[in-house]
Amino acid sequence: MKILFISLGCDKNLVDSEYMLGKLVEHNYTMTDDEAEADIIVINTCCFIRDAKEESIQTILEMASYRTQGSCMALIVCGCLAERYREEILTEIPEVDAVLGTNSTEHILNAVTLVLARQKYQAYEELQGIEKHAAKRSVSTGGHYAHLKIAEGCDKRCTYCIIPSIRGPYRSVPMNTLLTEAKELVAQGVKELILVAQETTLYGIDLYGKKSLHLLLNELNKIPGLYWIRLMYCYPEEIYDELIEAIRDNDKVCHYIDMPIQHISTAVLKKMGRRTSRETLEERITALRTAIPDIALRTTLICGFPGETREQHEELMEFINRTEFDRLGAFEYSREENTPAADYPDQIDEATCAAWQAEVMELQEEIIMDKNADMIGSELLVMIEGKVSDENAYIGRSYRDAPDIDGYVFINTDQELMSGDFAKVKITGAYEYDLIGELI
């Protein structure tokens with residue numbers, strides 16, 4: 001039996017997909033990336049914002065055609081869309097044979113087995129606790145880096161966000177479990193671990209009574225054969241001094257942090273349900289840059305939140321221009337049903353949201369072009385990602401670049417390099433988001 005896995009949305013979803021892949025591989029199922037030859041198609045969906053929801057629905061409909069007209073004998077939908085719209089999916093898309101909720105990935109083998117026996121299947125475990133995975137993950141990121149999901153769910157209740165209702169409350173993965181998994185991944189050849197959760201900064205508060213991300217970093221830093229540890233999804237107001245010190249003092253922890261601020265206006269942040277203010281955000285950014293001068297700061301922003309004024313948008317633009325984030329993504333506000341913000345008055349029209357998002361990204365492009373130009377002449381340690389076809393050049397990432405979302409370093413060389421290798425590179429040129437270099 002050949003199974004096609006389609007994992008949509010965030011890297012937390014990807015980890016869930018890799019657990020399911022591992023369980024099926026353990027039971028001798030064969031993976032394929034060709035939908036035309038797949039006997040079973042599994043779609044792990046996302047529905048965080050409107051575009052993600054539409055992509056998930058469109059993907060299900062496209063794969064449904066293989067269920068009715070191709071060789072596919074089973075179509076299984078799991079993840080966030082399945083958790084949020086469980087009845088609608090089975091009712092409105094009859095080609096779907098099974099649905100699994102966000103805390104039910106361990107049921108994938110049951111789902112496949114029963115669907116092949118011509119039975120419909122549903123699994124929706126209560127959104128409590130952490131799933132225990134009996135099989136090893138099948139890492140799908142090329143083998144030299146992997147994501148380590150350190151917690152599930154969220155307690156923040158931001159007014160625009162549906163995640164707590166489809167992922168449940170915040171639950172940390174026990175540290176011993178994470179360390180065991182990390183060592184197994186490194187033994188398989190993984191050299192970079194990317195720590196992810198809906199919010200990584202609160203890690204351990206439910207298990208150990210205090211924020212413990214710094215303690216986890218200290219332990220991960222001891223693992224032989226691990227080279228880089230990268231932090232994603234750190235809520236800025238929860239970034240604490242011991243964590244900053246752990247980033248600074250542990251040599252394997254990249255001087256990089258992803259901290260989604262969403263906006264800078266205190267009034268907008270309050271309406272968003274964010275538990276912070278402009279003053280707090282500026283203080284935390286200053287603390288990070290003071291302690292770690294070469295830290296790469298990544299953030300994300302929402303443009304066009306209900307009630308946001310042109311003056312508040314200009315305040316955000318001024319802040320971006322002055323702060324000069326190393327990496328920045330901006331998104332138009334997505335009005336999500338069953339969230340408080342969806343019912344707010346003064347919803348902003350889509351054209352204005354799009355215009356403001358474009359203004360932010362145009363400004364950021366200017367900032368990053370200047371920053372990249374300043375990198376010319378510097379030296380960076382780069383992890384090789386692959387070769388540019390038909391050229392004597394390779395693609396790599398520095399500590400400043402998370403995979404798939406940040407830039408690349410293009411290296412011109414006649415030497416043969418392998419994915420996962422590290423190379424010292426001197427930067428010789430710059431593009432809008434990428435760098436050019438040569439081997440030292």
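Predicted model: local features only at pLDDT ≥ 70, side-chain atom pairs only at ≥ 80, totals over all residues.

Let me begin with the salt bridges. How many salt bridges does the structure hold? The count is 36.

One of them joins R167 to D16, with the closest N and O atoms 3.1 Å apart. Because R167 belongs to helix α6 (residues 163–167) and D16 to helix α1 (residues 11–26), this pair ties together parts that are 151 residues apart in sequence. Are these two partners buried or exposed? R167 has a relative accessibility of 4% and therefore counts as buried. D16, with a relative accessible area of 5%, is likewise buried.

A second pair consists of R397 and E192, whose side chains meet in a salt bridge at 2.6 Å, N to O. R397 sits in strand β16 (residues 393–397) and E192 in strand β10, so far as sequence is concerned 205 residues apart. The relative accessible area is 0% for R397 and 0% for E192, and both residues are buried.

E199 lies in the loop between β10 (192–196) and α8 (205–208), while K156 lies in the loop between β8 (151–152) and α6; the two are 43 residues apart. Both E199 and K156 are buried. They also belong to a network of salt bridges that links K156, E199, K211, E237 and E238.

I turn now to the surface. Which residues gather in a patch of negative charge there? They are D51, E54, E55, E332, D349 and E350. Helix α2 (residues 50–69) gives the most to this patch, with 3 residues. E332, for its part, is found in strand β14 (residues 327–332). With 36% relative accessibility, E332 counts as partly exposed.

Finally, two individual residues. H214 lies in helix α9 (residues 213–220) and is buried, at a relative accessible area of 13%. Its side chain makes a polar contact of 2.9 Å with the side chain of Y240.

T286 lies in helix α12 (residues 278–291) and is partly exposed, at 49% relative accessibility. A polar atom of the T286 side chain lies 2.9 Å from the backbone oxygen of E282. From T286 to T323 the separation is 37 residues in sequence and 9.6 Å in space, C-alpha to C-alpha.

Thank you for your attention.

Methods. Residues numbered from 1 in each chain as written. Heavy atoms only, no water. Patch = residues over 30% accessible without salt bridge, like charges linked within 9 Å, V, L, I, M, F, W, Y side chains within 5 Å. Areas by Shrake-Rupley, 256 points an atom, 1.4 Å probe, with all protein chains shown as cover. Salt bridge = Lys/Arg side-chain N within 4 Å of Asp/Glu carboxyl O. Lys, Arg positive; Asp, Glu negative; His and termini not counted. Charge placed at Lys NZ, Arg CZ, Asp CG, Glu CD. Helix = DSSP H or I, 4+ residues; strand = E, 2+ residues; numbered from the N terminus. Buried < 20%, exposed > 50% of the residue type's maximum accessible area, 1.4 Å probe, protein only. Polar contact = N/O pair within 3.5 Å; in protein donor to acceptor, adjacent residues only side chain to side chain.
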